[in-house]
Amino acid sequence: PVPCTCSAPARQVDELQKVLQFVSVSTDGEVVLWTLAKAELQRELLMRLNALPGMALAPPESPAVDADEARSVLGGLCMDFSKAVNEDHIYLVGTEEGMIHRCSKAYSSEYLSSYSHTAAPTAGAPAPAAPTPAAVYSVKWNQLHPRMFLSAGADWCVRLWDAAQPD
């Protein structure tokens, strides 16, 4: 095996169309492009999953993440690349904090759009004062309708989204 150094658990790895390239997302908030060249794994940071302004975050679960840094970093859990023609550089990332971010390999400093996968209220229970974030365990682009995608979260809900209608 080719050794690699990661500071937190990688939650998902996707193979890209190009030979010997992979992308990983991890709980330290990094989306990384890995390229195997001459028996060496080269690492390129595609995105640092930063919190949106005004977003309250819980303390980090990973000891590898500094507590001050964790206040601004989201933990990545899942991802999927767009299946649309000429949009193979667009991808979704789901986070521990209940956010889904639409990103581009061309822009590493900001999200194209964001979506909040908040927990639905329990039937018969009073509605909470503020929506509760639910970790996003899976995101998947639709292959037939390139603007549509699904998410599945810790609230046991599957949601259908239109990428053209962010929060």
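**Entry 1: Glu30 and Arg43**

I looked up the contact between Glu30 and Arg43 and found their side chains meeting in a salt bridge, 2.1 Å from N to O. I count a salt bridge when a side-chain nitrogen of Lys or Arg lies within 4 Å of a carboxyl oxygen of Asp or Glu. The pair links distant parts of the chain: Glu30 sits in strand β3, Arg43 in strand β4, 13 residues apart. My strands are DSSP runs of E with at least two residues, my helices runs of H or I with at least four, both numbered from the N terminus.

I note that this is a predicted model, where local features need pLDDT of at least 70, side-chain atom pairs count only at pLDDT 80 or more, and totals for chains, interfaces and linings use all residues. Residues are numbered from 1 along each chain as its sequence is written, and side-chain values use heavy atoms, with hydrogens and water left out.

Is Glu30 buried or exposed? Glu30 is buried, with a relative accessible area of 14%. Arg43 is partly exposed at 42%. My cut-offs: buried is under 20% relative accessible area, exposed is over 50%, and partly exposed lies in between, with a 1.4 Å probe and protein chains only. I also traced a network of salt bridges that links Glu30, Arg43 and Arg48.

**Entry 2: the strands around that pair**

I followed β3 (residues 30-37) to its pairing with β2 (residues 21-26), which is antiparallel over five bridges. Two strands pair if DSSP finds at least two bridges between them. Val23 has Leu33 in β3 as its bridge partner. The two strands form a hairpin with three residues between them, and Gly29 in the turn has a positive phi of about 85°.

β3 also runs antiparallel to β4 (residues 40-48), joined by eight bridges. Here Leu33 stands opposite Glu44. This hairpin has two residues between its strands, and Lys38 in the turn has a positive phi of about 55°.

**Entry 3: the chain as a whole**

I counted one helix and 13 strands. Of the 167 residues, 38% count as buried. The salt bridges come to six.

**Entry 4: the β11-β12-β13 sheet**

I found an open sheet of three strands in the order β11-β12-β13, with antiparallel pairing. Its edge strands are β11 (136-141) and β13, each pairing on one side only. Neighbouring strands are turned by 20° against each other on average, direction ignored. I took each axis as a line fitted to C-alpha atoms, for helices over the stretch in contact, and angles run from 0 to 180 degrees between N-to-C directions.

β12 and β13 pair over five bridges. Ser151 has Arg159 in β13 as its bridge partner. Arg159 also meets Asp155 in a salt bridge of 3.0 Å, N to O. Arg159 is buried at 19%, and Asp155 is buried at 16%.

I then looked up Asp162, whose side chain meets that of Arg147 in a salt bridge of 2.5 Å, N to O. This pair also links distant parts of the chain: Asp162 is in β13, Arg147 in the loop between β11 and β12, 15 residues apart. Asp162 counts as buried, at 14% relative accessibility.

Leu160 is found in β13 too (residues 158-162). Leu160 counts as exposed because its relative accessibility is 59%. Leu150, Val158 and Leu160 make a nonpolar surface patch of about 300 Å². Patches take residues with over 30% relative accessible area and no salt bridge, joining like charges within 9 Å and nonpolar side chains (Val, Leu, Ile, Met, Phe, Trp, Tyr) within 5 Å. Areas come from the Shrake-Rupley method with a 1.4 Å probe; for residues, only the protein chains shown count as cover.

**Entry 5: aromatic pairs**

How many aromatic pairs are there? I counted five. Rings of Phe, Tyr and Trp (its six-membered ring) pair if their centres lie within 6.5 Å; planes under 30 degrees apart are stacked, over 60 edge-to-face, and the rest tilted. Phe81 and Tyr91 form a tilted pair, 5.2 Å centre to centre, with 40° between the planes. Phe81 lies in β5 (residues 76-81) and Tyr91 in β6 (residues 90-95), ten residues apart. Phe81 is buried at 8%, and Tyr91 at 0%.

Tyr115 and Phe149 pair edge-to-face, 5.2 Å centre to centre, with 75° between the planes. Tyr115 is in β8 (residues 113-116), Phe149 in β12 (residues 148-153), 34 residues apart. Tyr115, Trp141, Phe149 and Trp161 form one aromatic cluster.
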